[in-house]
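This report describes selected local features of one protein model. Please keep the sequence and the coordinates at hand while reading.

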Amino acid sequence: NWISSGEQLWDTTFMDAFSGNHSFADSRYGNYLPQGETMIYSLDPVDFSTAENPWIEYNAKWSLEANDDLVFLQASITNGNTWFFLKEYRNNSHWVQERIDLGAYIGQSNVLFRLVLTADEFVHSDGFYFDDFKIVDYREPDMVPTSNLDNPSFKAIAFPNPGKLPLQLALTLP
């Protein structure tokens with residue numbers, strides 16, 4: 001559910017992927033174009049109106065002209081009229097796992113995301129890849145009432161006490 005715009009369109013590629021056989025890339029089979037801007041947008045807005053602890057998680061790798069070409073991850077709560085900065089990519093990196101806190105968007109019901117590559121007219125490189133993009137909400141688990149347990153008691157001992165690293169924990173369960 002992504003759409004691309006610009007002179008060179010983002011697309012899936014089999015050239016490199018973190019998992020599976022494909023990832024998204026700004027330049028499917030080679031280097032990105034010089035002196036331009038290309039974007040990929042999420043089509044479906046995300047509803048954070050009842051979110052408790054939302055995050056974006058994805059894997060990314062990039063090869064960009066040092067200090068001159070950039071990729072930005074941005075979010076919008078105004079249907080794409082205004083974009084807010086979430087992350088900036090420069091230089092080069094092999095696959096890394098990204099986790100970005102979206103707590104600032106709790107209560108918003110119409111959040112869009114995009115990645116933007118901007119390049120100058122000089123050196124152009126392989127570009128930006130991302131894979132396994134997901135938005136998760138880490139909610140607190142529901143507590144289980146101890147009255148429903150046959151034997152709710154257990155014993156936990158932490159040592160050494162007073163504590164120092166390494167800390168050990170011994171549990172005695174019924």
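The model is predicted, so local features need pLDDT of at least 70 and side-chain atom pairs count only at pLDDT 80 or more, while totals for chains, interfaces and linings use all residues. Residues are numbered from 1 along each chain as its sequence is written, and side-chain values use heavy atoms, with hydrogens and water left out.

**Strand β9**

Strands (E, at least two residues) are DSSP runs numbered from the N terminus. Buried means under 20% relative accessible area, exposed means over 50%, and partly exposed lies in between (1.4 Å probe, protein chains only). Strand β9 spans residues 112-119, and eight of its eight residues are buried, so the strand is largely enclosed by the rest of the structure. In a regular strand the side chains alternate between the two faces of the sheet. In β9 one side carries Leu112, Arg114, Val116 and Thr118, the other carries Phe113, Leu115, Leu117 and Ala119, and all of these are buried.

Two strands pair if DSSP finds at least two bridges between them. β9 pairs with β4 in the antiparallel sense over six bridges, with isoleucine 40 opposite leucine 115 of β9. β9 also pairs with β6, again antiparallel, over seven bridges; there leucine 70 stands opposite threonine 118 of β9.

**Aromatic residues**

Rings of Phe, Tyr and Trp (its six-membered ring) pair if their centres lie within 6.5 Å; planes under 30 degrees apart count as stacked, over 60 as edge-to-face and the rest as tilted. The structure holds 14 aromatic pairs. In one of them, tyrosine 41 and tryptophan 83, the ring centres are 5.9 Å apart and the planes are at 55°, so the pair is tilted. Tyrosine 41 lies in strand β4 (residues 36-42) and tryptophan 83 in the loop between β6 (70-76) and β7 (84-89), so the pair ties together parts that are 42 residues apart in sequence. Tyrosine 41 is partly exposed at 22% relative accessibility, whereas tryptophan 83 is buried at 17%.

One aromatic cluster is formed by Trp2, Trp10, Phe24, Tyr58, Trp62, Tyr89, Phe128, Phe130 and Phe133.

A charge sits over a ring if NZ of Lys or CZ of Arg is within 6 Å of the ring centre and within 35 degrees of the ring normal. Two such cases are tabulated.

| Charged residue | Ring | Distance to ring centre |
|---|---|---|
| Lysine 61 | Tyrosine 129 | 5.1 Å |
| Arginine 99 | Tryptophan 55 | 4.4 Å |

**Glutamate 98**

Glutamate 98 is in strand β8 (residues 92-101) and is buried, with a relative accessible area of 8%. The glutamate 98 side chain makes a polar contact with that of tyrosine 89 at 3.2 Å. A polar contact is a pair of N or O atoms within 3.5 Å; within protein, one must be able to donate a hydrogen and the other to accept it, and residues adjacent in sequence count only if both atoms are side-chain atoms. Apart from neighbours within four places in sequence, glutamate 98 is in contact (heavy atoms within 4.5 Å) with residues including Tyr58, Trp62 and Lys87.

**Positive phi**

Most residues other than glycine have a negative phi. Asparagine 79 is not a glycine, yet has a positive phi of about 60°. Asparagine 79 is in the loop between β6 and β7 and is exposed, with a relative accessible area of 56%. Aspartate 132 likewise has a positive phi of about 60°; this residue lies in strand β10 (residues 127-137) and is partly exposed at 31%.

Conventions
Helices (H or I, at least four residues) and strands (E, at least two) are DSSP runs, numbered from the N terminus.
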